[in-house]
Amino acid sequence: MRKPSIAASRNKFKKVLSQYVKHQGLDLEVTMKSGEKVMLSKMRKIEGDQVISTTARGIQSALAIRDITHLEVFVN
């Protein structure tokens, strides 16, 4: 049996991530390739191949989806 290609698994990851990003009631924490853990704000969206997170003060940060290695979802 063949393993799925990296591109196929990346596309699946992006699809799953986009489903979670839409739900404002969920807390999302991503782990980057560098090992850094980042909590995404409630105001977040996916634009192209990036996750855009906006703080309450209007400061935006962009994370490349290809640099995300792990996603944790928490329910409040």
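Select lysine 14 and aspartate 49: they form a salt bridge in which the closest N and O atoms are 2.9 Å apart. This pair joins distant parts of the chain, 35 residues apart, with lysine 14 in helix α1 (residues 6-21) and aspartate 49 in the loop between β3 (43-47) and β4 (50-54). Lysine 14 counts as partly exposed because its relative accessibility is 26%, buried being under 20% and exposed over 50%. The model on screen is predicted.

Next, select glutamate 72 and lysine 37. Their side chains meet in a salt bridge at 3.9 Å, N to O; the cut-off is 4 Å. Which elements does this pair link? Glutamate 72 lies in strand β6 (residues 68-75) and lysine 37 in strand β2 (residues 37-40), distant parts of the chain, 35 residues apart. Glutamate 72 has a relative accessible area of 26%, so this residue is partly exposed.

Now go to glutamate 47 and lysine 45. The salt bridge between these side chains is 3.0 Å, N to O. Glutamate 47 is partly exposed, with a relative accessible area of 43%. Lysine 45 is partly exposed too, at 38%. In general, side chains of opposite charge can pair when their charged atoms come close. How many salt bridges does the chain have by this rule? The count is four, and the pairs visited here are among them.

Switch to a cartoon view and select β2, β1 and β6. These three strands form an open sheet in the order β2-β1-β6, and the pairing is antiparallel. Which strands are at the edges? They are β2 and β6, each of which pairs on one side only. On average, neighbouring strands of this sheet are turned by 25° against each other, direction ignored.

Keep β1 (residues 26-32) and β6 selected: the two run antiparallel and are joined by seven bridges.

Finally, show the whole chain. It contains one helix and six strands, and from the N terminus on the elements run α-β-β-β-β-β-β. The C-alpha trace spans about 50 × 25 × 25 Å along its principal axes. Of the 76 residues, 30% count as buried. Among contacts with a separation of 6 or more, 47% come from residues 24 or more positions apart. With a surface display on, the chain exposes about 5,600 Å², of which carbon and sulfur atoms supply 54%.

Key: Residues numbered from 1 in each chain as written. Predicted model: local features only at pLDDT ≥ 70, side-chain atom pairs only at ≥ 80, totals over all residues. Heavy atoms only, no water. Helix = DSSP H or I, 4+ residues; strand = E, 2+ residues; numbered from the N terminus. Buried < 20%, exposed > 50% of the residue type's maximum accessible area, 1.4 Å probe, protein only. Pairing = 2+ DSSP bridges. Axes fitted to C-alpha atoms, helices over the stretch in contact; angles between N-to-C directions. Contact = heavy atoms within 4.5 Å. Areas by Shrake-Rupley, 256 points an atom, 1.4 Å probe, with all protein chains shown as cover.
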